[in-house]
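Thanks for coming, everyone. Let me put the structure up, and then we will walk through it piece by piece.

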Amino acid sequence: MELICPAGTPAALRAAVDAGADAVYCGFRDETNARNFPGLNFSRAEMAEGVAYAHARGAKVLVAINTFPRAGQLGLWHGAVDDAVAAGADALILADVGLIAYAAECHPAQRLHVSVQAAAANPDAIAFYVEAFGVKRVVLPRVLSVPEIAAITRAAACETEVFVFGGLCVMAEGRCSLSSHATGQSPNMHGVCSPASHVSYRDDGNTLVSRLGDFTINKFAKGEPAAYPTLCKGRFRTGIGAGYIFEEPVSLDAAEMLPGLKKAGVTALKIEGRQRGRAYIASVVASFRAALAALEAGRPITGAGLTAMTEGQTTTVGAYRKTWR
Amino acid sequence: MPSEQPARRTAGHEEAAADMPGRVPLVVQLALRPLPLLPLQPILAATLKAVLANHPGIFERLGPHAGKRFGLAPTDLPLAFLLESLPRRPRITAVRTLPARLDVTIRGSIAALIGLVDGGYDGDALFFSRDLVVEGDMEAVVALRNAIDDAQIDLVREGCGSLGPLAAPAERLLRSLLPRPVTDPGAMPWN
Amino acid sequence: MELTLGPVLFNWQADDWRDFYFRIADDAPVETVVIGEVVCSKRMPFLARHLPAVAERLAAAGKTVIFGSLALVALERERRQMEELAKSEDLTVEANDVSALRHLAGRPHAIGPFVNIYNEATAAFFASRGARRMCLPPELPAASVAAIAAGVPDVTVEVFAFGRVPLAISARCYHARLHKLTKDNCRFVCEKDPDGLAVETLDNEPFLTVNGVQTLSHTVMNLVGDIDLLRSAGVGALRLSPQCCDMVAVARLFRDVIDGRREAGEAEAALAEVYPGAVFANGFVHAESGVRRVGA
């Protein structure tokens, strides 16, 4: 199985390649990609340099252009596709049907992957993209159990890629407007979820209060692990009970599921976190490289030991085990 | 909340301690308290100059946030730093207390703050573990974090570079006081 | 400009559900009605026994009847149900997932608000495969709606104009989770909240609404004051999403404003009486936070 690693900056790309990534995914520094965060991502020149660095060391570069182009302003997204192809990208990761159609028509030789943002959660959805555009791989949503992943992979007419570590979307990806409801900025349109521009923290020495836009998302007692105020991982109140009604601020760590994912026929394993620093990338990639080596050698896989890197300082195998639901 | 808890791991005390930065020992904190700040200033200026010379692209990544004022407050030292990210001539100043009306204030142990700059620690991880407290313009914080993470600054080397013949011993001394960057999650804890 | 009544998103008692549509058939000035369970496949069997009678009654009243497909298709059973529906050539189907579009290609169909159509290129691609109606994602601003409508002149472009806004869908059931139940053994607890379960912040600000696997806004989308804007954007139909209020009255008020018989401000005040406690919002269409109310 290939190990697909995130890179938000050229330094992170080099760290991922050096730590043993089979492929690195990254995006341009604008709203064409779903990690459109301040100070992050690649200029055109940096992308070309990154591709050269990776290729020289036998690694691939996958360029994510996985937001949904703004109506009437398709040029920015078409330009990103053209420039990624020109930079020598090994594959483009796309979500919007219109943009996939453009890439398939204008760059028929370019390998195309369906982004997790396209929410292709079953074999018919995957077949839609394969039949219409000849895509070679689909990144599966983080809402499936391992048996479901196996069934989909068996029925799929292309390769599958699944997330094994990092931030966990509890809502179907690419189909969530919680962020734009509260802030006007959405993953689909602006490439951000719960954006930093709308985040505030107040720490009075005892309680840390996190807010997004006009809404309190969480309150942390002194010493309690904190979390970014991502809407779906906040504490809320209902008539039935209060707390983390959608999901705790946990991160996905599916290291222990690697044997099952291999058996399921999954082609590639993806690590989330283009917004994270070099320290995270180097640790996580090295850890999964070791886990994969253990898997190949038939040794038991110990946990990735990365809990301290994670939000809420807690990890879960998420939906991969069905009790999550 | 759900009756069936999915399998999950929570950072135990030891694990968190292994991965997280230490604090300056109290005896050192007390020793530093009476020292004047003035001699620090040329070292800070030289460090910044070296960083800018070695990483000319750093302020480009800040984009619209260049020019904002960041306060860096080590919680285990009796001083703080004011970073003014003016595009042409950025400044860093040592102060006893941070001025009011900053764009951003970042508090944490000096080890955490240095680890953040030289990439030894992941900023998000420090925040999640409450080792860093961040207040103010979060977009500017994220931009600064990403800019310095990409720049791959070796703060200790670049800071000591201005000390001439003392550079090498100073670097050795500082490194012995600071935690090793955590790149291997299984690394031994520093203490 | 037409009116469409969207599918009931909440878990209503089957008899209430049937009676609701019978009244819509008899009294509501809407041209099109979308029926069927689109949120949770576990609710489908309860509605199935009333579905033929409801479809018949609506059709007899002159309404165009469209069958909505499930928004999140994951289980094999769900996939078979979706395929069966999509391949029923005598029905008009509204696809709420691209997997349904695979089976609908080549014959006229509708696309619901759960399929991502954010621009004219995507709309044109779907139109070329037979989509005749498209209800756009609720978060789209008017400028995007206008560019899409201009790009597909033969398609009836619809926008979500009334009701709590569907914001997210998940494989996890939040109703079951709150009641400490598993999704597979949920005891259909979502039926206790026919207008959704209110979610507040820790500071007691109303925020969201939970409906099983779906999360909606607490605010109620109300575009009655934006009808001129939408008409000039090329919108051909407004979607009214059923809530626990008099939806016939809601439809009449929208109809009156569309036909110029009533001022928007007056209709808005009347809607507040029809749906007491509703907090109206229209931020999305004005490119603002969905929770905002612009120009009231």
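One definition before we start: a residue is buried if 20 or more other C-beta atoms lie within 10 Å of its own. Keep in mind that this is a predicted model.

Start with chain A and a cysteine. Is C169(A) buried or exposed? It has 26 other C-beta atoms within 10 Å, so C169(A) is buried. Look for C169(A) in the loop between β7 (159-167) and α7 (178-183) of chain A.

An unreviewed UniProt entry lists C169(A), C176(A), C193(A) and C232(A) under "binding site". In sequence they span 64 residues, yet no two of their C-alpha atoms are more than 10.4 Å apart, so they gather at one spot.

Take another of the four, C193(A). Where does C193(A) sit? In the loop between α8 (187-190) and β8 (199-203) of chain A. C193(A) has 25 C-beta neighbours inside 10 Å, so this residue is buried too. And what does C193(A) touch? Leaving out residues up to four places away in sequence, the contacts of C193(A) are S179(A), P187(A) and T230(A).

Stay in chain A for a sheet. Strands β8, β9 and β10 of chain A form an open sheet of three strands, in the order β8-β9-β10. The pairing there is antiparallel. β8 and β10 (215-220) of chain A stand at the edges, each with a single partner strand, so one side of each has no neighbour in the sheet. On average, neighbouring strands of this sheet are turned by 20° against each other, direction ignored. Zoom in on one pair. Strand β9 (residues 208-212) of chain A meets β10(A) over five bridges, in the antiparallel sense. Within that pair, S210(A) stands opposite N218(A) in β10(A).

Now the domains. How is chain A divided? Domain 1 of chain A takes in 2-168 + 250-324, and domain 2 of chain A takes in 179-243. Their centres, taken over C-alpha atoms, are 26 Å apart. The contact draws on 13 residues from domain 1 of chain A and ten residues from domain 2 of chain A. On the domain 1 side, the class count is four nonpolar, five polar and four charged residues.

In what order do its five strands run? The order is β4-β3-β2-β5-β6 (chain B), the sheet is open, and the pairing is mixed. Which strands stand at the edges? They are β4 (91-95) and β6 (132-136) of chain B, each with a single partner strand, so one side of each is left without a neighbour in the sheet. From one strand to the next, the twist averages 15°.

Strand β2 (residues 69-74) of chain B and strand β5 (residues 104-108) of chain B run parallel, joined by five bridges. Pick out A73(B): its bridge partner in β5(B) is R107(B).

Last stop, a helix. Helix α5 (residues 110-118) of chain B lies across β2, β5 and β6 of chain B. Helix α5 of chain B runs at about 135° to β2(B).

That is the tour. Questions, please.

Definitions and conventions: Residues numbered from 1 in each chain as written. Chains lettered and ligands numbered in written order. Predicted model: local features only at pLDDT ≥ 70, side-chain atom pairs only at ≥ 80, totals over all residues. UniProt positions renumbered as here; feature names shortened; annotations may be inferred. Helix = DSSP H or I, 4+ residues; strand = E, 2+ residues; numbered from the N terminus. Buried ≥ 20, exposed ≤ 12 C-beta atoms within 10 Å, placed from the backbone. Contact = placed C-beta atoms within 7 Å. Pairing = 2+ DSSP bridges. Axes fitted to C-alpha atoms, helices over the stretch in contact; angles between N-to-C directions. Domains from an automatic or database assignment. Nonpolar A, V, L, I, M, F, W, Y, C, P; charged D, E, K, R; others polar.
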